[in-house]
Amino acid sequence: MAYDGKCGSSAIVAGAGIGGLAAAAALAPRFDRVVILEKDQQLGDCVRRGAAQGAHIHTLLHGGELGLEQLMPGLCDAFLSAGAVKIDVGKNFGIYDFGSWRVNRPLGLSVLQMSRPAYEAVMRKRVLEFDNVAIQTGTSVTGLSIEKGCVRGVLIKGEQEMTADLVVDARGRGGALPRDLLKNGFGEAPESVLGIAMSYVTGRFKKAQAAGEEAKAIMVRPSSPDRRYGLVSPIENGEWIISLGGRGAVEPPLELEGFFDYARMLAAPEFYEMMEGAELIGDLHSYKIPTTNWRHYDQMPAFPQHLAPLGDTIASVNPTLGQGMSVAVFHALGLAAALDKNGLDGDFCEDYFDAAMNASGAAWTMASYDDLAFPEVTGERPENFEQIAAFSRGLKLLGNDDPEIHRLSVEIAHMLHPPHLLQDDKIIGRVMQKLFESQSAA
Ligand SMILES: Cc1cc2nc3c(=O)[nH]c(=O)nc-3n(C[C@H](O)[C@H](O)[C@H](O)COP(=O)(O)OP(=O)(O)OC[C@H]3O[C@@H](n4cnc5c(N)ncnc54)[C@H](O)[C@@H]3O)c2cc1C
């Protein structure tokens, strides 16, 4: 792609995770030079320290896949060549929630499933095919250099300045942007926080012999008082990745026998039946998520110009719905659109934040409704939360009967449409009717 000279000569992206790579692909056609600064020394195709969550199942939603394809045409073929497994989500992705299985039927919608390090490796290779993009590893961004309200660049190796026309902060959930803004006199961003106390344990497995050839994934989500989650998914090399989750004191064990025992206790016995006989490759890995956070940078009284936070730096939601990578991709698309409309000035910041906060907001709404159904989860509950929870239950029942509602719900879950499409009077009426029928039948 040719540089059209519109936006500036150089851009820095802090962080070479999924968000940083997507951002670099968005910036490459719009700047002379894009440098990604990554604190990890080695970026291979295995789990690394700066993205330790990469040991756990990472599903790339269909919306995220389409977004990446827009940023890097041909990327999906590259995923497939690297061993991604294509799963028909309507037909072959079994979901157990609200105490029963969702109906499976073909919906013409698929996901390309692989491990997180494998997604990253393919994306990194493709990003480096832009001849104006470089990745500098072993380089920790330690701060921002800001002059008269405008970012001039970043600080690396202590106080050494590296200048750029635009800085994208994709340092992830634990990144230091809040600290840097405070230090530079911008104050604190208002923040939405939910105390979710989730824990995950995951392993890669040799597929169980009895599993058959067809690519199938299966997910079990608990209804309170149960707290146990499970997800089996095929990935590259003919392997499975299996994640178990729990809430509060209910934690999946980090040893193999306990892992299988825990899987046996999930609400749907089909989960254990599917994974029984799978052989662990390597170790089990654990990850704990005490809180989910959405930082409203757009609501700060002042925000530095020429700075764009992106991906988990803005919001990190409970990953059970698999949204985080797709949201980062939508941020990158929003960045490209805001740059094309304004360059780096005018309404760049406002337009970028509109797009980014929309994407994060959609993910936050869906994920937090799921979390808030558990009474111990702390955070703000909408006053009509009981109605919202009943609606989700009823929508599932209606979707089981009606393929068009099923399709719409799945497309929204895959972030192809905003969730507010469901707030349609006709749909609400039919969901309520369905709930009434199911309660009368019980
Ligand atoms: C258990 C678990 C399961 C998940 N499952 C899914 C899923 O199924 N689907 C999905 O879409 N998402 C999932 N997610 C969320 C997903 O991991 C994130 O949303 C996604 O990685 C966000 O990308 P990012 O680039 O913003 O941050 P990250 O991927 O975390 O990348 C941040 C990068 O910044 C680097 N960095 C940090 N500090 C510095 C610094 N000072 N200087 C330079 N570099 C720095 C890090 O090393 C890292 O490379 C899951 C998360 C967890 C915890």
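# Helix packing, domains and backbone exceptions

In this predicted model, helix α1 passes helix α9 in a right-handed crossing. The residues that make this contact are Ile18, Gly19, Ala22, Ala23, Ala26 and Leu27 on the α1 side, and Met325, Ala328, Val329, Ala332, Leu335, Ala336 and Leu339 on the α9 side.

**Helix α1 with helix α9**

- Helix α1 covers residues 18-27 and helix α9 covers residues 324-342, and their axes come within 9 Å of each other while crossing at roughly 25°.
- Because angles under 35 degrees count as roughly parallel, this crossing makes α1 roughly parallel to α9.
- Sorted by class, the residues in the contact of α1 with α9 comprise 12 nonpolar and one polar, with no charged residue among them.

**Helix α1 with helix α5**

- Helix α1 also packs against helix α5, which spans residues 116-127, at an angle of about 20° and with the two axes 10 Å apart.
- That angle makes α1 roughly parallel to α5, and α1 passes α5 in a left-handed crossing.
- From α1, the contact draws on Ile18, Leu21, Ala22, Ala24 and Ala25, while α5 contributes Arg116, Glu120, Met123, Arg124 and Val127.
- The contact of α1 with α5 holds seven nonpolar and three charged residues, and no polar ones.

**Helix α9 with helix α10**

- The axes of α9 and of helix α10, which runs over residues 348-372, come within 8 Å and cross at roughly 160°.
- Because angles over 145 degrees count as roughly antiparallel, α9 and α10 are therefore roughly antiparallel to each other.
- The crossing in which α9 passes α10 is right-handed.
- On the α9 side the contact is made by Val327, Phe330, His331, Gly334, Leu335, Ala338, Leu339, Lys341 and Asn342, and on the α10 side by Phe348, Asp351, Tyr352, Ala355, Ala356, Ala359, Ser360 and Ala363.
- In terms of residue class, the contact of α9 with α10 divides into 11 nonpolar, four polar and two charged residues.

**Domains and their interface**

- The domain assignment of the protein chain gives domain 1 as 8-51 + 62-81 + 116-192 + 292-367, and domain 2 as 385-441.
- Taken over C-alpha atoms, the centres of domain 1 and domain 2 are separated by 34 Å.
- Contact between the two domains involves 11 residues of domain 1 and six residues of domain 2.
- The size of an interface is often given as the accessible area lost when the parts come together.
- Between domain 1 and domain 2 the buried area is about 640 Å², and carbon and sulfur atoms give 79% of that area.

**Backbone exceptions**

- Most residues other than glycine have a negative phi, and most peptide bonds are trans.
- Ser224 and Pro225 are joined by a cis peptide bond, for which omega is about 15°, and Pro225 is placed in the loop between β13 (217-220) and β14 (228-234).
- Phe98, although it is not a glycine, has a positive phi of about 50°, and Phe98 is found in the loop between β4 (93-97) and β5 (100-101).

Technical notes: Residues numbered from 1 in each chain as written. Predicted model: local features only at pLDDT ≥ 70, side-chain atom pairs only at ≥ 80, totals over all residues. Heavy atoms only, no water. Axes fitted to C-alpha atoms, helices over the stretch in contact; angles between N-to-C directions. Helix = DSSP H or I, 4+ residues; strand = E, 2+ residues; numbered from the N terminus. Parallel < 35°, antiparallel > 145°, perpendicular 65-115°, else oblique. Left-handed = near helix turned anticlockwise from the far one by under 90°. Contact = heavy atoms within 4.5 Å. Nonpolar A, V, L, I, M, F, W, Y, C, P; charged D, E, K, R; others polar. Domains from an automatic or database assignment. Buried area = accessible area lost by both parts, 1.4 Å probe.
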